Amino acid sequence: MQLFIGNQNYSSWSLRAWLIFSQYNLDVEVTKLKLFTKEFYQTLHGITPTAKVPTLADNGVTVWDSLAILEYVNEQLLQGNAWPADVAERAKARAISAEMHSGFFDLRNELPMNIRARRKVELSEGALKDIKRIDTIWSEQAELYPDGWLFGEWSIADAMYAPVALRFLTYGIELSEGARAYQQKVLASASLQQWLKEASLESDIVEEDEAGEELG
């Protein structure tokens, strides 16, 4: 399998797809491309119809969407174990994953992932509503699974929300106690620490993701 990703400092969707390989210690060849460069588009030409990352190539099969990649890897390599075993829990995990996949537009637009920065932004009502909803999801699950992942064991749902933990850190977003505990679990995990280490080696600047004002 070959996984194409973008700059680790900025590419939240790449992080989501990459996490399942890291969490389960799965073999994959990772090719990192600098976003919005000539090389980026030349490399992806003929591989993916969208010219976007992440893209997974596996023996003639190409998957070019983060959630679809997570589902594909789960089916092909993990016997479905990256979703909760319980039917009701699995349905909820899929629902909140889809909620992240297709929603929270104001949060995404106003708080782009920018790992190495510490910034201040003026948030719209829409972004504040998105933050409140995510805080509710995290805190509710923290009550059900203290000190655990969203559904106890790590799942695709955790992959979908991991970049938000980084976004909240970058922009100093205040969270409820339960949500903050979950955020800290995500940030302290070995997989996130590896991603952060690799992202710290980058020096490229993507201007459109440099939102807000730099703090001190």
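**A tour from the cavity to the strands**

Start by selecting Leu19, Gln23, Trp149, Trp154, Asp158, Ala162, Val186, Ser189 and Leu192: these residues line the largest cavity. Helix 1 (12-23) and helix 7 (156-170) are the elements that give two or more residues to this lining. This is a predicted model, where local features need pLDDT of at least 70, side-chain atom pairs count only at pLDDT 80 or more, and totals for chains, interfaces and linings use all residues. Residues are numbered from 1 along each chain as its sequence is written, and side-chain values use heavy atoms, without hydrogens and water.

A cavity here is a set of points, on a 1 Å grid over the protein atoms alone, where a 1.4 Å probe fits but cannot get out; lining residues have an atom within 4 Å of a point. The whole structure holds one cavity of 30 Å³ or more. The largest cavity has a volume of about 40 Å³, meaning the space filled by probe spheres set on the points, which are joined across faces, edges and corners.

Next, show strand 1 (residues 2-5) and strand 2 (residues 29-32), which run parallel and are joined by four bridges. Strands are DSSP runs of E with at least two residues, helices are runs of H or I with at least four, and both are numbered from the N terminus; two strands pair if DSSP finds at least two bridges between them.

Now click on glutamine 2: glutamate 29 in strand 2 stands opposite. Finish with strand 3 (residues 55-58), which pairs with strand 1 in the antiparallel sense over three bridges. There, alanine 57 stands opposite glutamine 2.

Terms used:
1 Å grid on protein atoms, 1.4 Å probe; cavity = no way out; pocket = protein on both sides within 12 Å on 5 of 7 lines; lining within 4 Å.
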